[in-house]
Amino acid sequence: MLKSHSCGELRKGDVGKRVTLAGWVDRRRDHGGLIFIDLRDRAGVSQVVFNPEVASSCHETASQVRSEYVLNVSGEVALRPSGTENLQLATGEIEVIAGDCTILSTSETPPFYINQEVEVEESLRLRYRYLDLRRPRMLRNLTLRHRVVEYIRNFLNAKGFLEIETPIMIKSTPEGARDYLVPSRVHPGKFYALPQSPQQLKQLLMVAGVEKYYQIAKCFRDEDTRADRQPEHTQLDLEMSFVTEEDILGLIEELFTSLVTAIKPDMKVITPFPRVTYDDAIARFGTDHLDLRFSMETGDLSDIVADSEFAVFRDTVVAGGKVKGICAPGCSSYSRHQLDELNKMAQGLGARGLLTVALGDTPGSLDDLTLDMVKSVAARFLTLEQVKGIAGRLGAGMGDLLLIVAGDPKVVNKVLSELRAEMGNRLELADPNTLAFAFIQDYPLLKWDEELGRWDSEHHPFTAPKEEHIPLLDTAPERVRSQCYDIVCNGYELASGSIRIHDSELQHKIFSLLGYSDEEIQQRFGTMLEAFHYGPPPHGGIAPGIDRLVMLLAGEETIREVIAFPKNQSAVDLTLDAPSPVTEEQLAELHLQLRDE
RNA sequence: GGCCCCGUAGUGUAGCGGUCUAACAUGCCACCCUGUCACGGUGGAGAUCAGGGGUUCGAAUCCCCUCGGGGUCGCCA
């Protein structure tokens with residue numbers, strides 16, 4: 001080793017020791033005579049003093065050094081002269097008196113600050129990701145991620161799970177997201193696909209008798225990116241045999257709560273995790289990836305306004321739509337501009353409009369409310385009783401602002417859930433140090449796909465219906481609930497899972513319901529159905545997203561901040577400049593020809 | 001594919017129709033400096049204002065297109 005100690009570990013107790021350090025020049029302070037260099041490695045920073053009277057050639061070397069040069073320094077650890085200690089620094093009581101110094105490598109001036117926490121354009125950071133990762137924030141995030149994965153492995157290993165790798169090149173199945181395809185050289189015209197998840201493989205592992213499986217698995221989806229979505233992401237993929245929904249939820253709750261306690265003890269977790277049915281989630285929050293850190297629940301106002309003079313509301317209800325709203329506490333004094341912003345946001349999400357109702361100027365009892373204190377374009381169409389009814393339903397008082405949307409229930413819920421998140425943000429209602437996990441249960445098994453004119457899986461086709469709902473598959477598929485569950489946290493979907501079908505008859509029936517021909521079923525799922533003829537155990541699992549989990553623990557806004565080499569919004573890897581063209585020879589070998597477009 | 005936002009020295013920002021020959025901070029270069037730690041001091045270099053077109057007597061500034069980046073809707077079983 002070129003170092004005897006790390007730059008971050010030296011303390012008072014090391015005084016007098018002769019040490020050798022190696023690291024990067026974080027900062028150099030040249031006093032003409034004395035030169036101070038903060039030498040940085042992964043563990044931290046130590047101040048090295050270069051004194052011409054102690055080692056003149058060494059001092060000469062130090063004067064040539066610039067930021068991010070890599071140095072090897074030997075010297076004695078000394079107590080800093082009294083009065084010059086730096087309490088900001090863990091190593092601030094000592095310094096290393098350089099006796100010998102070698103420049104291991106030089107560095108050009110970096111394209112952005114490495115020793116300062118300044119926001120830099122993300123594309124530049126990604127182009128020089130190896131420099132970006134030198135910055136404390138990134139090092140912190142990567143370290144956190146490592147510890148999370150380490151914790152998960154230890155936790156599951158202790159519970160008797162086997163970590164098993166599954167292939168990255170598998171078979172394409174056209175349902176779900178678009179596959180990333182890998183052309184086969186050996187088999188002209190045939191392709192592998194990168195897994196969207198190891199779903200079928202882990203179920204085969206259950207048939208194989210593994211009983212408890214997990215994997216830190218890379219998953220690939222060729223869909224557009226978002227702040228919390230990348231073309232490839234990492235899941236804790238997990239599957240167990242002979243379990244019920246309760247077993248899976250209990251395991252995950254124990255894992256997550258103990259993980260947070262161990263790794264981020266300063267963060268609050270609400271236990272036990274609240275359980276919300278899908279229908280309740282939609283009714284109360286307009287979305288199933290809800291944020292339970294604050295209330296501001298939506299309220300259905302349809303019955304109150306059905307007979308109102310306000311045509312927009314009345315007509316919506318008559319046409320089978322819904323009128324719902326939320327209450328933004330203390331926002332009755334919102335300016336015209338602020339209201340316009342919210343209106344624009346609502347319209348951007350598909351609402352025809354947003355009705356705002358300001359209840360007086362100051363806090364107080366609703367009993368004192370009079371119609372002329374109500375500021376709203378709909379005020380003259382509503383009775384005082386109706387306004388009070390609406391306010392009551394939304395838990396509003398004087399001084400509050402009501403945000404009301406009318407229209408198709410899907411749109412109304414979408415818009416209100418986004419407005420709720422927005423207002424929660426603006427009013428700082430969501431404590432950034434709280435992780436509000438929740439289980440969402442009782443999802444519908446199927447959803448009607450308008451475009452294709454057929455039923456489609458809400459989760460995936462291997463999800464088991466609730467036992468007692470199986471008869472409904474023939475009579476009222478829309479009413480069938482599944483043994484499917486999500487974990488959400490602070491407004492993000494963190495995990496999805498289900499108890500799987502282990503009966504090949506039932507599985508076959510679901511496939512048929514989804515409109516697959518026998519031939520298609522055989523072609524896409526033949527192996528699994530066949531495997532299910534050989535004693536498949538009842539089984540189920542779940543797959544929490546590691547990127548999102550670490551993002552929440554790190555307090556970051558995007559998962560890119562917790563991925564070493566992420567892709568940008570256009571799915572480009574700016575570090576390596578991928579994707580890139582390939583040679584004609586490569587294409588020919590793969591029996592591929594590019595189309596003119 | 002739609003909508004919204006952004007693009008000014010290496011970096012981060014200011015400037016938003018004329019006095020911009022583009023400012024500030026920091027970084028960079030040179031010199032001075034033996035107790036600093038975001039060291040200090042003096043001086044200097046550094047920007048076709050993303051690119052193209054238009055409006056105007058005059059454009060970093062207004063309009064259009066293109067490119068690049070971000071957010072989002074669609075999409076993500």
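Me: What do the axes and angles of a helix pair stand for here?

Reply: Axes are lines fitted to C-alpha atoms, for helices over the stretch in contact, and angles run from 0 to 180 degrees between N-to-C directions. Keep in mind that this is a predicted model. In general, two packed helices are described by the angle between their axes and the distance between the axes. Take helix H10 (residues 336-348) and helix H12 (residues 409-426): their axes cross at roughly 145° and come within 10 Å.

Me: Is the crossing of H10 and H12 left-handed or right-handed?

Reply: Right-handed.

Me: Which residues of H10 and H12 make the contact?

Reply: H10 supplies Glu341, Leu342, Met345 and Ala346. From H12 come Val415, Glu418, Leu419, Glu422, Met423 and Arg426. By class, six residues of this contact are nonpolar, four are charged and none is polar.

Me: Now strands. How should I read strand E1, and what does E1 pair with?

Reply: First the general idea: in a regular strand the side chains alternate between the two faces of the sheet. Here, E1 covers residues 18-30 and runs antiparallel to strand E4 (residues 70-79), with seven bridges joining them. Gly23 stands opposite Leu71 in E4. E1 also pairs with strand E2 (residues 35-41), again in the antiparallel sense, over six bridges. In that pairing, Asp30 is opposite Ile35 in E2.

Me: How many residues lie between E1 and E2?

Reply: Four, and the two strands form a hairpin. Look at Gly32 in the turn: its phi is positive, about 85°.

Me: On to the RNA. Which residues are closest to RNA strand B?

Reply: Count a residue as near if one of its heavy atoms lies within 4 Å of the strand. By that cut-off, 50 residues surround RNA strand B, and the closest are Asp30, Glu53, Thr84, Tyr113 and His459.

Me: Which elements give two or more residues to the surface near RNA strand B?

Reply: E1, helix H2 (122-127) and strand E21 (454-457). E1 gives the most, with three residues.

Me: How does that surface divide by class?

Reply: Near RNA strand B there are 20 charged, 19 polar and eleven nonpolar residues.

Notes:
Residues are numbered from 1 along each chain as its sequence is written. Chains are lettered from A and ligands numbered from 1 in the order in which they are written. This is a predicted model: local features need pLDDT of at least 70, side-chain atom pairs count only at pLDDT 80 or more; totals for chains, interfaces and linings use all residues. Side-chain values use heavy atoms; hydrogens and water are left out. Two strands pair if DSSP finds at least two bridges between them. A crossing is left-handed if the near helix is turned anticlockwise from the far one by less than a right angle, and right-handed if clockwise. Contact means heavy atoms within 4.5 Å. Ala, Val, Leu, Ile, Met, Phe, Trp, Tyr, Cys and Pro count as nonpolar, Asp, Glu, Lys and Arg as charged, and the others, Gly among them, as polar.
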